[in-house]
Amino acid sequence: MNQPMNQAMKRVITVTPNPAIDLSYHVAGITPGASHRVAAPLSRAGGKGLNVARVAHQLGHPVLALAPCGGTAGAEFAAELLSSGVPHRLVPVAANTRRSIALVDTVGGETSIFNEEGSPLQPSEWQALAAAVVDALDGQSAGVLVGSGSLPPGAPADFYPALVRLAHDAGIPAVVDTSGPGIIAAARAGADLLKPNNHELLEATGESNLDVAAERLIGLGAKTVLVSAGADGMLAFHHAAPGGYWAARLPEPLSGNPTGAGDAGVAAAAVALADGITDIPTILRRATAWSAAAVLMPAAGEISPLYADLEDQLILSWKETL
């Protein structure tokens, strides 16, 4: 399934432990309790890591997407992913791959998402997924390892810390985008970049202030924390720049489908790190622009070709914390 890649570029390897078939319905207005007639949904192999790989692949960067896959839905998932052309390696499992439904209200401008929880994997299946990661990191092609998304019930508590350790053993950076205790665990493991949104960050840390919450993750061991802040753009905290953070935003917020916007930001950061870019304002600008460009697209896993124009419009500033 792997495609030839530019040997001058290092590969973005993504791991999606709880993938899904993403179904996106576009509805001209939603009335609670009413019946709605809709066109057939856009169906796509998804999950946060898959979305990251799709965006990076769209822009010509070499990728390899890893994920477990099983059941009838898994067969549909595998077929769509194969047709997409995104390089990937799927680990067969017994559990049926879950589904995620996005209802995009084209009149109200809001998107509602319904995520199935996912089914437990067997210990041997977790071991097979870990072995696939180790195999993908073997050699000189890997440039960054990205772990993205929720974990299914019964997942190993150290799943994301283990990914961080595997990346560091291979001499490459680790990027983690998850929620809940996984963020804390990844920070303690020394993740090079964490990418929560503002709600996930506050919930995971139990703090009420974004500055304090992000600095707590830095204090635990994370090197960089990128925080999606909705209409306020994106914030970047870095362990070598205490006492403040960088903020990037557009002059005016965009309207559209925010599903996958955070994943596009992760893709931007991952591609930058794989290319050896470590300047935080540069990473922040790219991540904010790609995230905004994703809002202009109908489904997760792709960005508008206007991403470069959006980057030129960004307002970047340094803000001191109290």
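Guide: Two strands pair if DSSP finds at least two bridges between them, and the strands themselves (E, at least two residues), like the helices (H or I, at least four), are DSSP runs numbered from the N terminus. The structure above is a predicted model, in which local features need pLDDT of at least 70 and side-chain atom pairs count only at pLDDT 80 or more, while totals for chains, interfaces and linings use all residues. Residues are numbered from 1 along each chain as its sequence is written, and side-chain values use heavy atoms, with hydrogens and water left out.

Visitor: With that in hand, in what order do the four strands of the open sheet stand?

Guide: The order is S3-S2-S6-S7, with mixed pairing. Strand S3 (42-46) and strand S7 (110-115) each have a single partner strand, so they stand at the edges, and one side of each is left without a neighbour in the sheet. On average, neighbouring strands of this sheet are turned by 20° against each other, direction ignored; the axes behind such angles are lines fitted to C-alpha atoms, for helices over the stretch in contact, and angles run from 0 to 180 degrees between N-to-C directions.

Visitor: In which sense do S2 and S3 pair, and over how many bridges?

Guide: Strand S2, residues 20-27, pairs with S3 in the antiparallel sense, over five bridges. Ile 21 has Ala 45 of S3 as its bridge partner, and Leu 23 stands opposite Ser 43 in S3. With S6, by contrast, S2 runs parallel, and eight bridges join the two; Ala 20, for instance, stands opposite Arg 98 in S6. In a regular strand the side chains alternate between the two faces of the sheet.

Visitor: Which strands does helix H1 lie across, and at what angle does it run to S3?

Guide: Helix H1 (residues 48-58) lies across S2 and S3, and runs at about 100° to S3. Helix H2 (residues 71-84) also packs on the sheet, where it touches S2, S3 and strand S6 (98-105), and its direction makes about 90° with that of S3. Contact here means heavy atoms within 4.5 Å.

Visitor: How many of the eight residues of S2 are buried?

Guide: Six of the eight are buried, so S2 is largely enclosed by the rest of the structure. Buried means under 20% relative accessible area, exposed over 50%, and partly exposed in between (1.4 Å probe, protein chains only).

Visitor: How many salt bridges are there?

Guide: Side chains of opposite charge can pair when their charged atoms come close. A salt bridge is counted when a side-chain nitrogen of Lys or Arg lies within 4 Å of a carboxyl oxygen of Asp or Glu, and by this rule the count comes to seven. One of them joins the side chains of Arg 44 and Glu 302 at 3.6 Å, N to O. This pair links distant parts of the chain, 258 residues apart, with Arg 44 in strand S3 and Glu 302 in the loop between H9 and helix H10 (307-313); both residues are buried. In another, the side chains of Glu 80 and Arg 54 meet at 2.5 Å, N to O, which ties helix H2, the place of Glu 80, to helix H1, the place of Arg 54, across 26 residues. Glu 80 and Arg 54 are both buried.

Visitor: Are Arg 165 and Asp 158 buried or partly exposed?

Guide: Arg 165, at 42% relative accessibility, counts as partly exposed, and Asp 158 is partly exposed as well, with a relative accessible area of 39%. The closest N and O atoms of their salt bridge are 3.6 Å apart. Elsewhere, salt bridges that share partners join Lys 48, Asp 177 and Asp 263 into one network.

Visitor: Which residues make the nonpolar surface patch?

Guide: Leu 254, Leu 296 and Leu 306 make a patch of about 220 Å². Patch residues have over 30% relative accessible area and no salt bridge, with like charges joined within 9 Å and nonpolar side chains (Val, Leu, Ile, Met, Phe, Trp, Tyr) within 5 Å; areas come from the Shrake-Rupley method with a 1.4 Å probe, and for residues only the protein chains shown count as cover. Leu 254 has a relative accessible area of 35% and is partly exposed; its place is in the loop between strand S13 (244-249) and helix H8 (261-274). Gly 256 lies in the loop between S13 and H8 too, and is partly exposed at 34%. Leaving aside neighbours within four places in sequence, Gly 256 is in contact with Gly 109 and Val 295.
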